[in-house]
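Subject: The two-chain model, and what turned up in it

Hello,

Here is the structure I promised to hand over. Please open it alongside this message, and then read on for what I found.

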Amino acid sequence: MSEEEIKKTIFQLLKRIAPETEPSELMPEENIREALNIDSFDALQFIVAISEKLKVEIPEEDYGKTTNLKSLVSYIQNKTK
Amino acid sequence: MIEFQMPSLGADMEDGTLVEWRKKPGDIIRRGDIIADVDTQKGLIEIEVFDEGILEKHLVMEGQKVPVGTVLALIKPLKEAKNVEVEKTEGEVPEKREELEIPHPIIEKKPMISREIEEKTEMPRIKISPLAKRIAEENKIDYSKIKGTGPEGSIVKGDIEKLMISMPQEAEVTEPEVAEPEVAEPEVKPQAPAWDALRMAIASSMSKSNKEIPHYYLEKRMNMSKAMDWLKERNRERPIQKRLLPVAILIKAVAKALDEVPDLNAVWEGSLQRKNEINIGFVVSLRSGGIVLPAILNADTKPVDEIMEILNDLIPRARAFKLRSSELGQSTFTITSIGEGGADKIFGLIYPPQVGIVGFGEISEQPVAEGGMLGIKPVIDVTLAADHRATDGLVGSRFLAALNKYLQNPDNL
């Protein structure tokens, strides 16, 4: 899956959780949760949605690799290779 | 005959507006069915009924605002109703007959879905339920182009909500900027009245709290290493959908601690009155402002897994204003949690007539001295605000000690 496709999916799912924000304006290394003001409950919902939509298994110890756009995209790319 | 009354959904609720009847005379009522939608300061609430029988008569019409305790409808109990047959003809009071076979109302329980199935015909004129129309108007939603899923293609609440979700920006964000639309309404409010009402409800109960309750505050830092390890171990074996969040463990630990210090699981109504059930009210923040306080009933008896499942169900519904009457107004103690990325500590205001509120800050790694050694551990700063009319500091202190004990021994939860 291309980087663009992954990003598009991420933005869609973030938009669903935080509809008043503009996820596509996230900086690559910005902390997603802080930038979009997402609490722990919604953060878990986001991870669940990502894993279901892109069919990737995300164990809890990898949550740290999903905090910003850059690391999340490369994490998913590695997982879907 | 059972009198079905306007329920109280919290100490601050004085009245409610019956917006839509979901059951009509002659309908079979089962425990847990939603009988009506009621508009309160906390938004539209689905009102459940806890009796069984046949709806005999509506005593309050749609659109009427009545005080808490007003009889809204009469329900004929099942025993009496046994000899009555249910006629499905609209608005007709059932006639006497020999036996009553109660069909399992699977469809009845989900009226929105059943209406979707029934929907076949298209109407040339816009048919819209009063409730849907009101929501649409309050949120300035143009419903002229949508297709209803209600009876005979009429537009129902769900359709408008679907539309609002699909265009949240139009509905919420850009609204204040909308210069006078075609409708020449002089007072264009920046937000839907429901939000104003929610703000007013919070304002009134928190003012009451601050004015009447002499709060005392205690604070304790708790080591979360064991609780986090416990969670990690469980989450490792689980699919992502079943994973637990720290808050589930915190809720359970609070409930168990309240079981040991029952004076805090109480209300103050001229004197301290302990409550038998431990129902934990959990503050859910709304992204657009405001808070909602759904309750986790009998949290002390529920496993952590079940509490997490309840949260998974409750939080999204609380945010969408889709709570049921049984989930509001029954809490006996409150938890407020700022969660990650937020404040280190939170000092709460008690929700009257309760006598205590626990505030959880962020779980963060901090230097902790233990057995003469310094280590880095995950810790959480826990505060308790309690009503000094009802209890003294010693009780509060015991509670925090009990809470800490459970967090250090998560296997006992």
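Below is a walk through the findings, from the overall picture down to a few backbone details.

Before anything else, please keep in mind that this is a predicted model.

**Overall picture**

Chain B has 413 residues, and 48% of them are buried. Its secondary structure comes to 11 helices and 19 strands. If you take the contacts in chain B between residues at least 6 apart in sequence, 64% of them join residues at least 24 apart.

**Where the chains meet**

Chain A puts 25 residues in contact with 18 residues of chain B. Together the two chains bury about 1800 Å², with 50% of that area on carbon and sulfur atoms. On the chain A side, the greatest losses of area to chain B fall on A:Glu20, A:Phe41 and A:Glu60, which together account for 33% of what that side buries.

**A four-stranded sheet in chain B**

One element to look at is an open sheet of 4 strands in chain B, in the order 1-8-6-3 and with antiparallel pairing. Strand 1 and strand 3 (28-29) are at the edges and have a single partner strand each, so each has one side without a neighbour in the sheet.

Strand 8 (residues 71-77) is mostly covered, with 6 of its 7 residues buried.

**The largest nonpolar core**

Which residues touch the most other members of the largest nonpolar core? The core has 104 residues, and the ones in question are A:Ile10, B:Ile35, B:Ile251, B:Val254, B:Phe399 and B:Leu403. Helix 9 (residues 246-260) of chain B is the element that gives the most to this core, with 10 residues. The core also draws at least three residues from each of domain 1 (2-108) and domain 3 (213-412) of chain B.

Leaving aside residues up to four places away in sequence, B:Leu403 touches B:Met222, B:Ala253, B:Val254, B:Ala257, B:Phe360 and B:Val382.

**Aromatic pairs**

Over all chains, the structure holds 2 aromatic pairs. One is formed by B:Tyr217 and B:Phe347, edge-to-face, at 5.9 Å centre to centre and with 80° between the planes. B:Tyr217 is in strand 9 (residues 215-223) of chain B, while B:Phe347 is in the loop between strand 16 (333-337) and strand 17 (356-360), so this pair ties together parts that are 130 residues apart in sequence. B:Tyr217 counts as partly exposed, at 38% relative accessibility, and B:Phe347 counts as partly exposed at 47%.

For B:Phe333 and B:Phe399, the ring centres are 5.7 Å apart and the planes are at 50°, so the pair is tilted. This pair, too, links distant parts of the chain: B:Phe333 belongs to strand 16 and B:Phe399 to helix 11 (residues 393-408), 66 residues apart. Both B:Phe333 and B:Phe399 are buried.

**Backbone details to check**

As background, most residues other than glycine have a negative phi, and most peptide bonds are trans. Here are some places that depart from that pattern.

- The peptide bond from B:Pro352 to B:Pro353 is cis, with omega near 5°. B:Pro353 sits in the loop between strand 16 and strand 17 of chain B.
- A:Lys55 is not a glycine, yet has a positive phi of about 55°. A:Lys55 is found in the loop between helix 3 (40-54) and helix 4 (69-80) of chain A, and counts as exposed at 70% relative accessibility.
- B:Asn298 has a positive phi as well, near 50°. Its place is the loop between strand 15 (295-296) and helix 10 (304-319) of chain B. With a relative accessible area of 27%, B:Asn298 is partly exposed.

Technical notes:
Residues are numbered from 1 along each chain as its sequence is written. Chains are lettered from A and ligands numbered from 1 in the order in which they are written. This is a predicted model: local features need pLDDT of at least 70, side-chain atom pairs count only at pLDDT 80 or more; totals for chains, interfaces and linings use all residues. Side-chain values use heavy atoms; hydrogens and water are left out. Buried means under 20% relative accessible area, exposed over 50%, partly exposed in between (1.4 Å probe, protein chains only). Helices (H or I, at least four residues) and strands (E, at least two) are DSSP runs, numbered from the N terminus. Rings of Phe, Tyr and Trp (its six-membered ring) pair if their centres lie within 6.5 Å; planes under 30 degrees apart count as stacked, over 60 as edge-to-face and the rest as tilted. Two strands pair if DSSP finds at least two bridges between them. A nonpolar core is a set of buried Ala, Val, Leu, Ile, Met, Phe, Trp, Tyr and Cys residues joined through side-chain atoms within 4.5 Å. Domain bounds come from an automatic or database domain assignment. Contact means heavy atoms within 4.5 Å. Buried area is the accessible area (1.4 Å probe) that two parts lose on being put together, summed over both.
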